[in-house]
Amino acid sequence: MTDRKRPEDYLPGKEQPEFLGPEVEEFEAELEKERVHGRTALWRDVWYRLRHNKMAMAGLAIIVFLVLVALFAPFLAPYDPIEQVEIRTPGGVKQPPSGKHWLGTDDLGRDILSRLIYGSRISVEVGIVAVAISLVLGLFFGALAGYFGGWADSVIMRSADVFFAFPTVLGAIAIMTVLGPGLINVFIAIGVLGWATIARIFRGSILSVKENEYVEAARALGATHSRIIWRHIMPNAIQPIIVYATMSVGGAILAEAWLAFLGLGQQPPTPSWGNMLAEYLPFYNTHPWMMFIPGTAIVLSVLAFILLGDGLRDALDPRLRGSI
Amino acid sequence: MLLFILRRFYQTVIVVIGVILVISLLMASLPGDVARMRAPKGASEETLENIRQKFNLDKPWLTRLWIYLKGLPRLELGDSFTYKRPVMEIIGESLPWSVKLAIAAEIIIVVFGILAGVISAVFRYSFLDVLVTISTSVLVAMPIYWIGRLMQLFFSQWLHWFPPSGAPPPGTGLLGSIPYYVMPATALAAISTAYVARLARSSMLEVLRQDYIVTARAKGLSERKVIYKHALKNGLIPVVTYLGIDFGVLIGAAVLTEMIFNWPGVGHKLYFAVIQRDHTMVIGLVFILVLIFVAINLLVDISYAFLDPRIRLGEAPEVT
Amino acid sequence: MKKSGFILIAVLITALLVGLVMTIGGCGKEEKKAVEEIEEGGTFNYCLTADPVSLDPAQLQESQGIEVGKQIFDGLMDNDPKTMELVPAMAESYEVNDDATVFTFHLKKGVKFHNGRECTAQDFVYSWNRVCDPATASEVAYHMSPIKGFKEFNEDKTATSLAGVKALDDYTLEVTLEYPYADFVYHTAHPVFSPIPKEVVEQYGSENFSEHPVGTGPFKFVSWTHEQQIVVEKFADYYGANKPHLDKVVFKIYQDDETAYQDFKAGTLHDAQIPQGQFEAAAAEYGERAIFKPMLGIYYYGFNMNVAPWKDNKALRQAFNYAVDRETLCSVVMEGQRVPATGIVPPGIPGYQAGAMEYTYDPEKAKALLEEAGYPNGQGLPELTLGYNTGVGHDTIAQFIQSNLKDVGVSFKIEGYEWGTYLDLIQGEQITFFRLGWLADYPIMDNFLYPLFYSENAGVDNMTQYKNPEVDELLLKARSTPDEDERIELYRKAEKLILEDAPIIPLMFYKTSRVYSDKVGGYIRTPDDLTPLELVYFKKAATTE
């Protein structure tokens with residue numbers, strides 16, 4: 001999650017995820033011989049375990065549904081999401097759900113279902129773009145720090161410490177104040193704030209992987225740094241990152257919601273779940289269903305990423321193997 | 001040991017300097033003319049110039065930074081633009097409220113988080129476990145301001161159990177104050193409670209797999225004794241560590257909670273200082289908050305090093 | 001027959017008796033209600049929607065400051081809480097010379113400051129001088145600008161005091177103006193004109209007076225815990241006819257209307273602001289106690305007249321005026337609790353003209369004007385952005401107007417800013433299409449037209465940078481016309497001229513949206529959105545029943 005640091009980050013001594021050790025040993029020979037085949041085998045194994053985790057699969061199903069809705073929004077939405085279709089109809093605004101408007105209409109007579117469908121696009125965009133920014137920055141600096149060590153490591157990790165010193169809410173508010181409101185700036189703020197954790201996890205993974213014999217062998221054979229990082233270290237060190245990134249997507253969706261509440265997110269009239277929730281919140285008393293619509297959508301999608309992330313962690317964690 | 005403490009201390013100083021640089025950088029690049037915002041409407045250029053001089057806005061960025069840094073060791077954080085009073089004074093008024101709220105939240109986290117985590121670890125894969133997993137996940141997935149509003153709706157407006165917002169008025173006794181704390185503290189605690197539950201669960205599971213537990217069981221100790229006497233003590237070490245560090249976060253990250261519940265703490269002040277671009281106030285508040293946060297981290301790390309010798313021996317990569 | 005007659009009579013008598021009993025019972029109840037009434041004492045929890053900037057009369061400007069300040073400070077004159085008519089407060093009476101340049105106020109005797117000392121004419125001289133003193137850096141000194149010597153003292157710094165204010169004796173204050181201005185007397189009802197005791201200012205220092213305010217009003221300042229509450233208590237020696245009933249008033253400070261409203265519902269507050277979106281529900285739930293009364297204020301969208309495309313394109317600005325649907329905005333979006341604007345000056349101000357502007361909702365006419373403006377169907381317009389300040393529903397209104405304009409082919413973005421940044425960007429002419437509101441300082445036409453459209457106020461309150469020599473001349477001439485009817489005629493002319501030029505889109509006139517507890521009586525919300533708390537009391541009935 002980007003909005004709070006994961007407990008794991010606080011655990012002194014847990015810096016190097018030990019759980020990669022046996023995993024690597026087990027697959028080492030295989031990886032050396034037939035890397036592609038080995039990796040496929042690993043992921044086939046992970047997928048097998050994931051498939052038997054009901055909650056993770058539920059999460060995955062929600063995510064697939066969310067992405068499909070976002071992709072095909074124009075075909076699914078019954079109305080234009082910003083057209084105030086019912087504004088001049090007597091009693092047309094804040095209608096309860098009906099056959100004509102499945103989820104009712106909002107305070108400006110717009111179709112809530114259509115807004116919800118289009119709003120999913122913003123959530124998907126924020127999730128993907130923000131986490132992509134964190135990943136690019138985090139992996140780059142994490143790799144630099146972990147692989148080369150020395151002063152590069154010190155400088156990068158001290159900068160990461162500075163980022164850790166800011167609770168994310170404070171950091172995001174500060175950045176958004178400088179950049180101004182808007183979706184692009186939400187991407188940047190959330191993305192930039194997320195790099196430090198990824199860099200730290202990745203650096204830890206690299207440190208634990210790089211002393212392995214096959215990496216040393218590759219080095220002895222004269223492979224370039226980037227080749228070693230990409231071909232030898234990455235496939236193994238990436239696993240905890242995948243788990244973290246999955247959860248971060250949920251965090252980013254949530255962050256968009258509270259930034260919108262502060263008036264800093266996606267600007268109206270373009271619907272996002274965050275600005276819909278903020279807009280419908282005042283009607284909690286007279287038209288309570290309104291706030292539950294975007295609210296539920298946010299909770300479900302964030303939940304989906306958490307469940308999938310959990311499932312992935314369990315599936316990737318070999319110590320749990322056999323217990324499922 | 002001394003070396004470890006010294007090294008951690010040195011790291012902390014670097015972090016604090018970095019934080020000040022980052023904040024000053026952010027503040028210096030804010031859009032708009034601060035002097036004009038502070039001046040009366042339609043003020044002359046001369047008046048604006050006076051304001052700039054008074055608050056050192058006319059000086060280059062580095063000079064301003066230097067002036068500010070000089071005052072820091074004596075905790076001279078300057079005067080707030082909006083309050084026209086020393087920032088330290090305002091922090092003095094609001095920080096106790098944030099600390100009190102954080103303590104209340106911490107109590108909730110400890111009780112419910114650990115309880116839920118231990119239960120779901122002991123009854124792994126049972127209905128209770130699934131319930132805890134799902135409910136903690138839902139808590140994490142909910143926007144905190146929505147939790148706050150829903151609580152106000154249910155517990156205050158419908159059930160009239162707690163006052164909907166605000167701090168206890170001056171002169172309220174300890175017992176009378178409790179109702180004021182319940183909802184904001186619960187909202188603030190929600191996310192951390194969920195994390196603690198998960199952390200406690202996984203950490204307990206790990207401990208329960210350890211050899212000595214297996215031995216204890218083999219020796220025929222009752223399950224209850226195994227859990228309470230052996231597993232819990234070791235299983236909760238990471239939880240306690242997390243709780244320590246989280247305390248700093250609870251003080252500094254309560255912006256939304258304090259807004260929704262009109263709680264007169266630091267987060268509340270900080271949000272309004274940011275939007276009113278009260279530079280000195282923002283820098284001062286964040287500086288103090290970060291100071292608290294890193295100080296707590298430092299303490300937790302040092303005490304952890306006392307407890308677990310592996311850490312201080314390790315030339316291992318630094319922690320936190 | 002006989003029997004049935006008897007029964008008939010019996011029934012009739014019974015019916016009569018029952019009716020009589022019911023009537024008596026009813027009467028009894030009503031009488032009880034009339035007597036119900038005033039329980040002296042009690043603590044009233046008042047909802048304040050932000051921490052006041054200051055409680056120093058020299059800095060009272062935003063509504064929260066004035067809401068509290070009005071309870072602590074009294075001035076020469078006051079406005080009737082219902083009609084807004086000018087009534088004497090600390091002044092016994094006043095005279096004005098024929099050309100409206102010299103005002104002589106005769107003060108009431110025995111008026112006391114909260115510290116017990118009698119307030120005299122010298123205190124007015126001192127207080128007004130303090131407001132205008134450049135060292136005080138008052139942001140509201142401009143209310144005193146018609147006084148002779150204001151410019152020399154406040155702006156040019158060539159004088160060391162305000163030449164136009166003199167105490168002839170302890171109870172006579174003479175005010176000389178720079179130019180004839182009959183409506184000046186209305187200014188003196190504004191709290192910036194309130195007297196304060198010199199010794200208290202000197203005791204705490206001028207800058208700290210705000211934290212220790214002392215005045216002559218019905219309530220005495222007790223304490224101010226910033227961002228939390230301000231406490232005032234009944235001033236026993238209050239000179240006014242309406243002695244306060246309440247012992248204490250606690251102004252509870254909130255950041256958003258929603259939270260405050262919830263506290264009201266929970267009974268923590270005795271009154272509150274009704275948040276936008278809950279007007280209908282509040283009216284249904286609280287009936288009479290939800291006060292939606294016309295207020296002296298206008299909500300408008302402004303164009304920056306210095307910047308393209310607004311500059312020199314009257315047809316374009318008029319097209320926008322025809323494109324907006326004020327009726328639907330007020331009835332649907334604002335749930336019927338705003339009044340469609342008919343001009344700049346709202347009803348309730350003497351001189352209000354119902355037909356000040358010709359703009360009605362007419363998309364066809366808007367399209368025609370767009371074509372005339374050189375942008376047929378909105379084509380060729382540069383990318384436009386409408387600015388608003390975030391919070392309290394401005395975004396909803398902006399979205400509605402956006403869709404109105406889209407109907408005639410004009411599209412623009414809308415963007416929210418924080419209030420401080422927002423004003424700064426409008427003044428810096430970076431936001432050139434914006435929403436603003438104006439609430440009357442005093443109930444006269446001048447207060448709407450002069451600050452907002454007089455050329456020298458450009459960038460101060462005249463955010464549209466509107467400059468029309470003809471309007472300037474009319475406004476100055478009106479100010480110096482002693483005859484009320486003539487004066488109003490000039491203002492009306494000016495209003496029509498401005499509307500024809502369309503530097504703004506007048507959207508709606510405000511209404512109060514305040515609700516108060518059923519435990520209290522005497523609660524009035526004035527047309528300038530204040531509550532005179534000396535009139536408020538707790539009902540006895542609530543405790544006896």
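Me: Which residues make the nonpolar surface patch of about 680 Å²?

Reply: In this predicted model, the patch is made by Val64(A), Val67(A), Leu68(A), Leu71(A), Phe72(A), Phe75(A) and Leu76(A).

Me: Which helices of chain A each supply at least two residues of the nonpolar patch, and where does the largest share come from?

Reply: At least two residues of the patch are supplied by each of two helices in chain A, namely α4 (54-71) and α5 (73-76), and the largest share, which is four residues, comes from α4(A).

Me: Which residues are buried in helix α11 of chain C, and why do they line one face of the helix?

Reply: In α11, which spans residues 363-372 of chain C, the residues Ala366(C), Leu369(C) and Leu370(C) are buried. Seen down the axis of α11(C), these buried residues fall within an arc of 105 degrees, and therefore they line one face of the helix.

Me: What is found on the other side of α11(C), and what covers the buried residues?

Reply: On the other side of α11(C), Glu364(C), Glu371(C) and Glu372(C) are exposed, while the cover over the buried residues includes α9 (314-323) of chain C.

Me: Which residue is noted as following α11(C)?

Reply: Gly374(C) follows α11(C), and the phi of Gly374(C) is positive, near 95 degrees.

Key. Residues numbered from 1 in each chain as written. Chains lettered and ligands numbered in written order. Predicted model: local features only at pLDDT ≥ 70, side-chain atom pairs only at ≥ 80, totals over all residues. Heavy atoms only, no water. Patch = residues over 30% accessible without salt bridge, like charges linked within 9 Å, V, L, I, M, F, W, Y side chains within 5 Å. Areas by Shrake-Rupley, 256 points an atom, 1.4 Å probe, with all protein chains shown as cover. Salt bridge = Lys/Arg side-chain N within 4 Å of Asp/Glu carboxyl O. Buried < 20%, exposed > 50% of the residue type's maximum accessible area, 1.4 Å probe, protein only. Arc of directions from axis to C-beta. Contact = heavy atoms within 4.5 Å.
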